[in-house]
Number of protein chains: 2
Amino acid sequence: MKNVVIVGATGAVGVEMINCLKALNFPVGKLRLVASEKSLGKIIKTPFGDVACEVISDKVFEESDVALFSAGSDISKEWRDRVVKAGCLMVDNSSAFRYEKDVPLVIPGVNSEAAKNNPGVIANPNCTTAIAAMALWPIYKKFGLKKVIVSTYQATSGAGAKGMKELVDQTRAVFEGNNLGAKGIEELLDPEHVKVKAGSEAAPKFFVHQIAFNIIPHIDKFQDNGYTKEEMKVAWETRKIFGDEEIACSCTAVRIPTLRAHSESIVIETRDPVTVEGAREVLSNAPGVDLVDDVSKNLYPMPINAAGKFNVEVGRIRQSLIFGDHGLELFVSGDQLLRGAALNAVEIAMLFV
Amino acid sequence: MKNVVIVGATGAVGVEMINCLKALNFPVGKLRLVASEKSLGKIIKTPFGDVACEVISDKVFEESDVALFSAGSDISKEWRDRVVKAGCLMVDNSSAFRYEKDVPLVIPGVNSEAAKNNPGVIANPNCTTAIAAMALWPIYKKFGLKKVIVSTYQATSGAGAKGMKELVDQTRAVFEGNNLGAKGIEELLDPEHVKVKAGSEAAPKFFVHQIAFNIIPHIDKFQDNGYTKEEMKVAWETRKIFGDEEIACSCTAVRIPTLRAHSESIVIETRDPVTVEGAREVLSNAPGVDLVDDVSKNLYPMPINAAGKFNVEVGRIRQSLIFGDHGLELFVSGDQLLRGAALNAVEIAMLFV
């Protein structure tokens, strides 16, 4: 049995970490839930019994074997040395250590081996990267990858529970405040009618702009090269996880008004010739992947189906009109709270059971 | 003065055609509005006076100089010969004739010249194509284009007023039927909670799947090569409009839960070296384009701002991580009812005033 502590237990990812520990039959000894001071003493019902939230402390880590961190980069950075010193394995969902050379960045089933040689910390990849990697890794192994071009459709839960709440509250405000849809087509056509009123309670707080009935091509901070950090993560992390610095990778990351599960439109150039059938064959046998690709039955990946699923849906596979017989185009949908965060973190911990 | 008839006058595009005739100061003589039988006699208030809807007839075209068609391919095909025979110029918003060699496919300002030599019919391009073309044409002229890779974020109004209504009704059903957002985070995380109940009034009718809180990577019919017709239109039409069969072009077309204005993530390889500054310079002087590209101020194209605007917003311009100094990545948002349909059609008609 392993004593486990979840840091950030009341967040969207934290809640799913508890569920994943159960679903994967992780041998949980004592489960501890760390949250901010305002949740101190709050009782959380878990499959491992009721657990009272506590605040972070050295003692928590001294008495735990594994710490699953999902409380942001600052807290991860602040506590890393003390967690390691306490002899507790840190699995970190933030981007704090992902790009340190000696910190493994791991997707179990893709580069599990990399987890072995670690400095007491293992990093969990960015959600968009992890979801794409599930589809790309089987293709990479068989056909090689030269170029990866990604455009994302990212749910509000990628920004945590606050993101989901902002979408829901804003959408409700547009309906109730503006009475959307009560009149005819002229009203639906009026661009002002879907705007949240400035100064209203539903005005953007968490996202930079209104997200209800809108999309925002801006996730995480802008870098000097004009890409956002979210976009660069896909390039940096794909190369590190695949152990191949030669892969050219670019991304446009866009927030959309959905609650859960990210989707990605992906165009690839392969090293070797590839066919749609060849790709379907390797993907249909790949762990963590559901091939959902029968357009004659209108079957393709969609967030509404991928939400809550461990596996990443892959479909719309077709020969690339850009890269010909050395390329494919595909569409993926995956639950970023699971494959992109909680599931992946618990799977990393499972490597040490 | 020109007598104008709008066929499909009560649809989303038809309504905007009336607005565009006024906004462009089109010298409207008599305006006639053709709709289906169920709208017969319905009085529409227009800037040119109240007009009673009528059903389609030869007489309508005999008494008109220009017919703006936006009632679907079948009606366009059925009436083409009779409209031409009546000596009325047909500007057709459907895809019925776009790929006929002798029918010009025109975006005024891009290939206006092509309109001159026509067989009585001029085709209006697909909305996604037209919006992308506004951004790509100035770049093409200066730097050339070898590859164009597009992923779209298409509003429900691309499917007409019925599409908008389905999104609004479904979203309302999720809120009211499921009482979404009334409880805490566990409820928001529950994937079942955002699903429209099967058999309910809000179940998908017009779109193949639920569109509220979902996205659907399927617009128009699937072709033998696995691409949808919507996706192939971007490839076929870009080459025809630019008059360059050498441009490799691919698209992934995705319906998203917004009401109005399409967005597109575009990666290009250019013939000549290109810089971000070089692209900004040609785009800032391009007609029909608003350069919205200052990430330091969180300014980039978004549908909520592009909706209702004639100009297409272009931004997020950055050197491509895939094609290096011969490539760019960019993001565009444009009103598909205007640039992608009504505005473009009225601008075509203006070429003959």
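Here are some worked exercises on a predicted model.

Some ground rules first: residues count from 1 along each chain as its sequence is written, while chains get letters from A and ligands get numbers from 1, in the order in which they are written. Because the model is predicted, local features need pLDDT of at least 70 and side-chain atom pairs count only at pLDDT 80 or more, while totals for chains, interfaces and linings use all residues.

**Exercise 1. Work out how many helices and strands chain A has, and how its radius of gyration sits against the globule rule.**

Step 1: Count the elements. Chain A has 10 helices and 13 strands; helices are DSSP runs of H or I with at least four residues, strands are runs of E with at least two, and both are numbered from the N terminus.

Step 2: Check the radius of gyration (taken over C-alpha atoms; the globule rule is 2.2 Å times the number of residues to the power 0.38). Chain A comes out at 21 Å, close to the 20 Å the rule gives for 353 residues, so it is as compact as a globular protein of that length.

Step 3: The C-alpha trace of chain A spans about 60 × 55 × 40 Å along its principal axes.

Step 4: Look at burial. A residue is buried if 20 or more other C-beta atoms lie within 10 Å of its own, exposed if 12 or fewer, and partly exposed in between, with C-beta atoms placed from the backbone. Of the 353 residues in chain A, 57% are buried.

Step 5: Look at contacts (C-beta atoms, placed from the backbone, within 7 Å). Among contacts in chain A with a separation of 6 or more, 67% are between residues 24 or more positions apart.

**Exercise 2. Find where helix 3 of chain A bends, and what covers its buried residues.**

Step 1: Get the span. Helix 3 of chain A covers residues 73-85, and its 13 residues reach 19 Å from first C-alpha to last, close to the expected 18 Å (1.5 Å times one less than the number of residues).

Step 2: Find the bend, meaning the angle between axes fitted to the seven residues ending at a position and the seven starting there. Helix 3 of chain A bends by about 50 degrees at A:Trp79.

Step 3: Check burial. A:Trp79 is buried, and so are A:Ser76, A:Arg80 and A:Val83. Their cover includes helix 2 (58-62), strand 5 (66-69), strand 6 (89-92) and strand 7 (121-123) of chain A.

Step 4: Step off the end. Just after helix 3 of chain A, A:Gly87 has a positive phi of about 80 degrees.

**Exercise 3. Why does strand 13 of chain B count as largely enclosed, and which strands pair with it?**

Step 1: Count burial. In strand 13 (residues 324-334) of chain B, 8 of the 11 residues are buried, so the rest of the structure largely encloses it.

Step 2: Take strand 10 (residues 262-269) of chain B, which pairs antiparallel with strand 13 over 8 bridges. B:Ile266 stands opposite B:Leu330, and B:Glu264 has B:Val332 as its bridge partner.

Step 3: Take strand 12 (residues 312-320) of chain B, which runs antiparallel to strand 13 and is joined to it by 6 bridges. B:Gln319 stands opposite B:Leu328, and the two strands form a hairpin with 3 residues between them.

**Exercise 4. Is B:Ile256 buried or exposed, and which residues does it contact?**

Step 1: Locate it. B:Ile256 lies in the loop between strand 9 (248-252) and strand 10 of chain B.

Step 2: Count neighbours. B:Ile256 has 26 C-beta neighbours inside 10 Å, so it counts as buried.

Step 3: List contacts. Leaving aside neighbours within four places in sequence, B:Ile256 contacts A:Ile215, A:Ile256, B:Tyr153, B:Gln154, B:Ala155 and B:Ile215. B:Ile215 is 41 residues away in sequence, yet its C-alpha is 4.7 Å from that of B:Ile256.

Terms used:
Contact = placed C-beta atoms within 7 Å. Pairing = 2+ DSSP bridges.
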